[in-house]
Amino acid sequence: MKGFTRAIEERDLSRPYGVLNWMKDNTSLIILLALVIAGAVMTQDFFTWDNITNLFNRISVNGIMAIGFTLTFLVGGFDLSIGSTLSLAGVLCVGIEASSGSTVVGMITALAAGAGMGLLNGILMKITRGESGEAFLITLGTSLVGTSLALTYCNGYDLYGSGAPWYKALGQGSVGGFPVAALLWIGIMIIVQIAIKKTKFGRNLLYSGANKHSAFLAGVDVNKMKIIAFTLAGMLAAVAAIVMTARTTAASPRSGTGADFDAAIATLIGGNSLIDGKGGMTQVFIGVLIYGLITNILNLLGVESVVQYIVKGLVLLLAICLDKLKRR
């Protein structure tokens, strides 16, 4: 077991570790620093406190989604249903709150729906014994189910609620001038990172994605870890939905459109590996910041949204190429 752990956590010490190898292993950090410099040079408002807090507030939803997406990555999966889960959890949170008069009931319903969607993905992964390719198709199918349920629940219309003050604070509030939503995202990342690096659960999670056959021989229930990872991803999508709806006390059945790809791009560009179970929350933080900075800088420069979509697509292709490069 110890040898298996070292095989996952240690880099190859047989190769010379010069500047080029360091750059290859830290490409995401270099990109992040380059974006910060570019933003400071190209725009006057980049380093203002308002822009910084607005940036962190905006990326917090994608950040929470990316945490869940990364968990499925670590077990060799791929979750394209978190966008529809975001939509479904959002309309349920606002709709149940409006009909029952209880914000807590609405939030619990949203979390249950998110967990249910994730659990369904995990069970289907277990039945098919799927890898990332099967996970792509499975979660694409469940995303259609989630979107249909969201549209059916609200008849295709946006929903509006009121919300308790503490609920609104999740999306609108700040502590010391820093957004509560961003603090929530960072807090979840810290908890998950500790769980991954310091607990048996985290080690089993990494083993399952790194080499499922070796993990099985080491006594790890790989299918169980996949179910847990996908369930947590669904719950985190629901948490993101709660934060999103708390900003406006409204929800749309289409609010999650594209959110899964945003999370995927952030996960990949941060340095999480596509197929070998390597990664963590540090990579999530860097990736979400990179993706958020790109949008932030383009907005400050007044670039049209159509062009921004082109840039995001290019960023996704870059992330895949970087992942391939790292594994050579």
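User: Is C154 buried or exposed?
Analyst: In this predicted model, C154 has a relative accessibility of 4%. The cut-off for burial is under 20%. At 4%, C154 therefore counts as buried.

User: What is the relative accessible area of C93?
Analyst: C93 is a buried residue. A buried residue has under 20% relative accessible area, and the value for C93 is 1%.

User: How many disulfides does a search of the whole structure find?
Analyst: A disulfide needs a pair of cysteine sulfur atoms within 2.5 Å. Searching the whole structure for disulfides gives a count of zero.

User: How many helices and strands does the protein chain have, and what share of its residues is buried?
Analyst: The secondary structure comprises 15 helices and four strands. The protein chain has 328 residues, and the share that counts as buried is 50%.

User: Among contacts between residues at least 6 apart in sequence, what percentage join residues at least 24 apart?
Analyst: Contact here means heavy atoms within 4.5 Å. Within the set of contacts at a separation of at least 6, those joining residues at least 24 apart make up 79%.

User: Which side chain of opposite charge is nearest to E97?
Analyst: E97 belongs to helix α5, residues 82-100. E97 is buried and has no salt bridge. A salt bridge would need a nitrogen-to-oxygen separation within 4 Å. The nearest side chain of opposite charge is 8.7 Å away and belongs to K168.

User: Which spans does the UniProt annotation "transmembrane region" cover?
Analyst: The annotation comes from an unreviewed UniProt entry. Such annotations may be inferred rather than shown by experiment. The spans given by the record are residues 29-47, 59-82, 102-123, 135-153, 173-196, 227-246 and 282-301.

User: How far apart are the end C-alpha atoms of residues 102-123 and of residues 227-246?
Analyst: Residues 102-123 are 95% helix and 0% strand, with end C-alpha atoms 32 Å apart. Residues 227-246 are 100% helix and 0% strand. For residues 227-246 the end C-alpha atoms are separated by 29 Å.

User: Which residues of α9 are buried?
Analyst: Burial is assigned at under 20% relative accessible area. In α9 the buried residues are V180, A181, A182, W185, I188, M189, V192 and I196.

User: What is the accessibility class of N155, and what is that of T249?
Analyst: N155, in the loop between α7 and β1, has a positive phi of about 55° although it is not a glycine. T249, in the loop between α12 and β4, has a positive phi near 50°. At 62% relative accessibility N155 is exposed, whereas T249, at 14%, is buried.

User: How far is I127 from N223 in space, C-alpha to C-alpha?
Analyst: I127 is in helix α6, residues 103-128, and counts as exposed because its relative accessibility is 63%. I127 and N223 are 96 residues apart in sequence, and their C-alpha atoms are separated by 8.9 Å.

User: Which residues is F201 in contact with, leaving aside its neighbours within four places in sequence?
Analyst: F201 lies in helix α10, residues 200-210, and is partly exposed at 29% relative accessibility. V220 is 19 residues from F201 in sequence and 9.8 Å from F201 in space, C-alpha to C-alpha. The contacts of F201 are M225, I228 and L232.

How values were computed: Residues are numbered from 1 along each chain as its sequence is written. This is a predicted model: local features need pLDDT of at least 70, side-chain atom pairs count only at pLDDT 80 or more; totals for chains, interfaces and linings use all residues. Side-chain values use heavy atoms; hydrogens and water are left out. Buried means under 20% relative accessible area, exposed over 50%, partly exposed in between (1.4 Å probe, protein chains only). Helices (H or I, at least four residues) and strands (E, at least two) are DSSP runs, numbered from the N terminus. Lys and Arg count as positive and Asp and Glu as negative; His and the chain ends are not counted.
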